[in-house]
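Keep the structure open as you read.

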Amino acid sequence: MATSTASGERPDRLEEACGVFGVFAPGEDVARMTCFGLQALQHRGQESAGIAVGNGKTVAVSKGLGLVTQAFDEATLAAMRGFVAVGHVRYATSGSTASLDAAQPHVPAHERFALAHNGTLVNTDPLRARLAKEGIELRGDTDSEIAAKAIGLFTRPTHHLRDGIRRAMELLEGAYAMVLASSESLYVFRDSNGIRPLCIGKLPDDRGWVVSSETCGLDIVGAEYVRDVKPGEIVRFNRDGVISEQGVPAGRRTSCIFEYVYFARPDSVIDGQSVYQARRAMGRILAEEAPTDADLVLGVPDSGVPPALGYSSASGIPYADGIVKNRYVGRTFIAPTQAMRQLGIRLKLNPLPSVIAGKRLVVIDDSVVRGNTSKQLVKMLRDAGAAEVHLRIVSPEVKWPCFYGIDTDTRDQLIAANMTLEQMNEWIGSDSLAFISVEGLHRAVSSACHDGFCDACFTGDYPTRIPLMQ
């Protein structure tokens, strides 16, 4: 879901918008199961969390700010009884302020369903105008509320949610992986390009069904992966069984390739491709494309570690744990002053001088967006005694903004869109700087069960109509 923000407040890396989870399991504690699933997806959003539960008559929702463990307590979960549930963890692409008004799932007024959304719609203005023409008021400015109100509007003529979802999907443009709970059924549906991930799992002994942004959400509740939701597909789960239909025709398959680079957990599998193995392959390919003489290979925790191991194995340069991550520090980019934000990397990462002093280092990281974090990282390693710092990035240069649910700046804030490689290297302060090629990144994820990916942030090749470039 998305709103607007000042670009100066954005983080110096690509950030995911959110994660969604859903359960249909009569006889199970679906609220607690959803809570576990959201904890597995916590890396996708930490600003707020929400759960909605249907019991056959009504849909009750509970939402809170912060982490899943902060949003829900035992009493809240125990009170949410039912057999269908959806949940959401949010990263606020709207900026640094989290609010309960923007937290999901969204429950439209006078409707008996709750909607959770991962992604961003690109045609909110005409949708907003269409709803206003129908006399429908919007309380906030999120595209998730717009989608929910549109589904409610189109459901009324037939009183069938599948009709409402299908009609709404015909109008929604952009990226969306959505889960919806009515009082009796779980619905899941995905945009026609399949940009944002969504998978289906089955509980043992036919106890029910689970859907999740990533397979790690299935694993935590003991569900077996069945398949991914197809682009443009609607799937309904209820006591009558499972029904699948094509809500809108499937378009060009363009799954977000950055899921493999950074967003997804390494233990997830997306479209048949292990995220961990893809990251190892990125490192091996990067070693082929950008070799250098060095004493040690270091990975910037956490996403840089698997590719660092791949780089090490391909290059023959030993791998070392030379950077320690403090796992108890939250997202520091939301600090209120620039000076405090610049301390963020020091709060999260700390070098080991006993490992790196006097050494020539190859340092593997996932991306360079604005460049500030990379600059601080290189200085931190030099201060710890590194003789040389050769920075290797396992994504291509980020030159274009994303409109599909990733928090990136306008082009004037993206360092690679405004500097040459040599200028970036000089500004960051590294001894050398290299990025994996677009072709190399595609080669690393070649085990996916399809060959269509969105790489627009690297190439500018957007799979859908996009708003006016800024």
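Four bridges join β16 to strand β19 (residues 360-365), and the two run parallel. The model is predicted: local features need pLDDT of at least 70, side-chain atom pairs count only at pLDDT 80 or more, and totals for chains, interfaces and linings use all residues. Residues are numbered from 1 along each chain as its sequence is written, and side-chain values use heavy atoms, leaving out hydrogens and water.

**Sheet**
- L296 has L361 as its bridge partner in β19.
- Four strands make an open, parallel sheet in the order β16-β19-β20-β21. Strands pair if DSSP finds at least two bridges between them.
- β16 (296-299) and β21 (432-435) are the edge strands, each pairing on one side only.
- Helices (H or I, at least four residues) and strands (E, at least two) are DSSP runs, numbered from the N terminus.

**Helices on the sheet**
- Helix α10 (residues 305-315) lies across β16, β19 and β20 (388-393), at about 160° to β16.
- Helix α14 (residues 372-383) packs on the sheet and touches β19 and β20. Its direction makes about 150° with that of β20.
- Contact means heavy atoms within 4.5 Å. Angles run from 0 to 180 degrees between N-to-C directions, with axes fitted to C-alpha atoms, for helices over the stretch in contact.

**Nonpolar cores**
- A core is a set of buried (under 20% relative accessible area, 1.4 Å probe, protein chains only) Ala, Val, Leu, Ile, Met, Phe, Trp, Tyr and Cys residues joined through side-chain atoms within 4.5 Å.
- The largest has 46 residues; Y260, M282, Y311 and Y404 have the most contacts inside it.
- Its largest share, seven residues, comes from α9.
- Y311 touches residues including L286, V297, V362 and R392.

Note on methods. Buried means under 20% relative accessible area, exposed over 50%, partly exposed in between (1.4 Å probe, protein chains only). Lists of a residue's contacts leave out its neighbours within four places in sequence.
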